[in-house]
Amino acid sequence: MIKGNFPVEKFKQLYTPFYYYDIALLRATLEAIKKETANKPFHVHYAVKANANPRILKEIASYGFGADCVSGNEILAALECGFSPDKIVFAGVGKSDREMQIGLDNDILCFNVESIPELEVLNTLAAAKGKTARAAFRINPNIDAHTHKYITTGLTENKFGVNEQDLPRIIEVVNASSNVQLTGIHFHIGSQITDLKSFEDLCIKIKELQEWFNAQGIKLPVINVGGGLGINYQHPNHIPMADFESYFRLFEKNLPLQERQALHFELGRSVVAPCGSLISRALFVKEGIQKKFLVIDAGMTDLIRPALYQAFHHIENITSDKEPTPYDVVGPICESSDVFAEQIVLNKSVRGDLIAIRSAGAYGEAMASRYNCRNLPLSYFSDRF
Ligand SMILES: *Cc1c(COP(=O)(O)O)cnc(C)c1O
């Protein structure tokens, strides 16, 4: 079986579970994104919620990318790790006054506003500081991203964004708000999107909306298409990177920009998912009636994606070369959903073997919890090991 290239001997000395980040792969990914967006009016804001580990944030910031934040504390974390405030955008349906003030105090590039009441509060808070906030309205394009229902966000009657029919009213409110300047429109249709056709549908919708704004005599310097580009979770060793070339080319081809207009992206998962693995130890092999359970010391508190969205992660036993054997790989948490995979094939495993759960760099460490009073997983980086 082909496996990831891990410093197994060093791993054996460490307390498990922990996250291990392949910094060379992260850098290659950042280079690829840079290459595809260079010399184009394309701006990438990394979605901090995917992984807010300071080391990862610093690495991404050092390439000059911006940050997409969904809380005031994410703005502070991004600033601390070197992201420039004029490249920070701030989304979220429920921004508190304190959070909006953090954005205003730091003169961030843009608030991605999700409702009229939010716009009104932003205007009041900005006025109190004698500032003008830049805002892009998040519009719900009613596009099906063909992904899991918990991570599809662009359909009508979704808590995110405003609907198209509210636009005339929004323009009225914007015009009456002297401390908010409308700079663009924003979209985000879902996550782990592997059928790029959904992004083509988005482009068609954006072109229609552009025409409407043009007819109103409104110029939009910023079109923000959000994130959502998926990765290949099945074959991390063969396909270690998202197809950035096709992704960016799709927008170049399908979304002609107007003069002085820039296209903004908010990629999260595709930037960081492949570079992270959750490393765990096998505790017990438990013989069931029909199957074998491999009980490992990592649980849903370390990586919740399988329990939360039935997500698939490729799993490898990195210390065994013995015969392939089917297992249910389960964690120690007192929840029936604490299962990483059912009936997958691993090299025959014994207590103490090291188990790597791959492509765990996004929505892994960032979603870890202390449920069952467990320790939060530690993190290690391939270049300082
Ligand atoms: C989560 C999120 C993203 C990033 O999504 P990925 O699927 O990780 O690329 C981008 N924009 C917004 C508004 C988000 O909520």
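Mentor: The largest cavity has a volume of about 30 Å³. A cavity is a set of points, on a 1 Å grid over the protein atoms alone, where a 1.4 Å probe fits but cannot get out. Grid points are joined across faces, edges and corners, and the volume is the space filled by probe spheres set on the points. Rolling a probe the size of a water molecule over the atoms shows where empty space is left.

This is a predicted model, so local features need pLDDT of at least 70 and side-chain atom pairs count only at pLDDT 80 or more, while totals for chains, interfaces and linings use all residues. Residues are numbered from 1 along each chain as its sequence is written, and side-chain values use heavy atoms, with hydrogens and water left out.

The structure holds 1 cavity of 30 Å³ or more. Lining residues have an atom within 4 Å of a point. For the largest cavity they are L30, I33, V44, Y46, I60, F65 and V271. Two elements give two or more residues to this lining: α2 (23-37) and β2 (42-47). Helices (H or I, at least four residues) and strands (E, at least two) are DSSP runs, numbered from the N terminus. By class, the lining has 7 nonpolar residues, no polar and no charged. Here Ala, Val, Leu, Ile, Met, Phe, Trp, Tyr, Cys and Pro count as nonpolar, Asp, Glu, Lys and Arg as charged, and the others, Gly among them, as polar.

Now turn to open space. A pocket is an open set of points with protein on both sides within 12 Å along at least five of seven lines. The second largest pocket has a volume of about 280 Å³. Its lining has 19 residues, and G4, D22, L25, P274 and R358 lie nearest its centre. That lining divides into 10 nonpolar, 7 polar and 2 charged residues. The second largest pocket lies between domain 1 (8-18 + 274-384) and domain 2 (23-273), because both give residues to its lining. The domain bounds come from an automatic or database domain assignment.

Two backbone details are left. The peptide bond from T16 to P17 is cis, with omega near -5 degrees. P17 sits in the loop between α1 (8-11) and β1 (18-21). N142 is not a glycine, yet has a positive phi of about 55 degrees. Look for N142 in the loop between β6 (133-138) and α7 (167-175).
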